[in-house]
Amino acid sequence: MGWLLRLRMLSTRFCVERHERVPDGAWVAVVRAPEGVTVVREAGPRTGQAERWAGVYDADAGHGLDVPGLLASVVAPLAGARVPVFVVSTYDADLVLVPELRMDDAAVALEEAGHEVVQPAVAWSAAPETR
C-alpha cells in the first residue's frame with residue numbers, strides 16, 4: 001500500500017557530524033556504531049550552507065513501529081529525484097533530513113509523489129518535557 005502523508009518542512013536547520021565519542025552539548029540524535037558516533041544537532045551560525053540539512057517530518061506523527069512502507073513512501077521519491085537523505089527514526093515518527101540546498105527539489109518530489117507538503121515551516125522542538 002502506498003502512503004500519502006502530510007509532511008512538514010521544518011524551519012530548523014540541522015548538521016550531521018561524526019565523532020569518536022558522544023560529545024557534550026545539545027543534540028537531536030546520537031547513534032553509536034563500530035565506526036564511530038554520528039550526531040545530529042541543530043546547525044549553528046558557523047555551520048556552512050553546504051553542511052546544513054533541512055528536516056521533513058510527518059505532520060501526523062505517531063505511527064509506531066508496525067507500519068511497513070511508511071518511510072519508503074518518503075525516501076523513494078527523494079531517491080528518484082536524486083536528493084540525498086539522512087534519516088533519524090524514533091518510536092513514533094521519522095525525521096528525514098535533506099541538504100538545505102536541495103530543499104525545493106525535495107518538496108517538489110514529495111508533492112509529485114502525492115504527499116502534502118505543509119507550509120509555512122515550523123521549528124523543531126526536541127526539548128525534554130518537564131513534569
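Which residues does leucine 110 touch, not counting residues up to four places away in sequence? The list is Leu7, Val56, Val74, Pro77, Leu78, His115 and Val117, where contact means heavy atoms within 4.5 Å. This is a predicted model, so to speak: local features need pLDDT of at least 70, side-chain atom pairs count only at pLDDT 80 or more, and totals for chains, interfaces and linings use all residues. Numbering runs from 1 along each chain as its sequence is written, and side-chain values use heavy atoms, with hydrogens and water left out.

**Helix H1**
- H1 spans residues 70-80, and its buried residues are Leu70, Ser73, Val74, Pro77 and Leu78; buried means under 20% relative accessible area, exposed over 50%, partly exposed in between (1.4 Å probe, protein chains only).
- These five sit on the same side of H1 because they cover an arc of only 120 degrees around the axis, taken from the directions from the helix axis to the C-beta atoms.
- Ala79 and Gly80, on the other side of H1, are exposed.
- The cover over the buried residues of H1 includes strands S1 (6-19), S4 (53-58) and S6 (94-99), plus helix H2 (103-112); helices (H or I, at least four residues) and strands (E, at least two) are DSSP runs, numbered from the N terminus.
- After H1 comes arginine 82, with a positive phi near 60 degrees.

**Nonpolar cores**
- The largest nonpolar core has 16 residues, and Leu7, Val56, Val74, Leu78, Val98 and Leu110 touch the most other members; such a core is a set of buried Ala, Val, Leu, Ile, Met, Phe, Trp, Tyr and Cys residues joined through side-chain atoms within 4.5 Å.
- S1, S4, H1, S6 and H2 each give two or more residues to this core, and H2 gives the most, with 4 residues.
- There's also a second, separate core of 12 residues, with Val40, Val88, Ala93 and Leu95 among them.

**Cavity lining**
- Lining the largest cavity are Leu5, Leu7, Val56, Tyr57, Asp58, His63, Leu70, Leu71, Val74, Asp94 and Val96; a cavity is a set of points on a 1 Å grid over the protein atoms alone where a 1.4 Å probe fits but cannot get out, and lining residues have an atom within 4 Å of a point.
- S4, H1 and S6 are the elements that give two or more residues to this lining.

**Arginine 8**
- Arginine 8 lies in strand S1 and counts as partly exposed because its relative accessibility is 28%.
- From arginine 8 to threonine 38 is 30 residues in sequence and 24 Å in space, C-alpha to C-alpha.

Methods: 1 Å grid on protein atoms, 1.4 Å probe; cavity = no way out; pocket = protein on both sides within 12 Å on 5 of 7 lines; lining within 4 Å.
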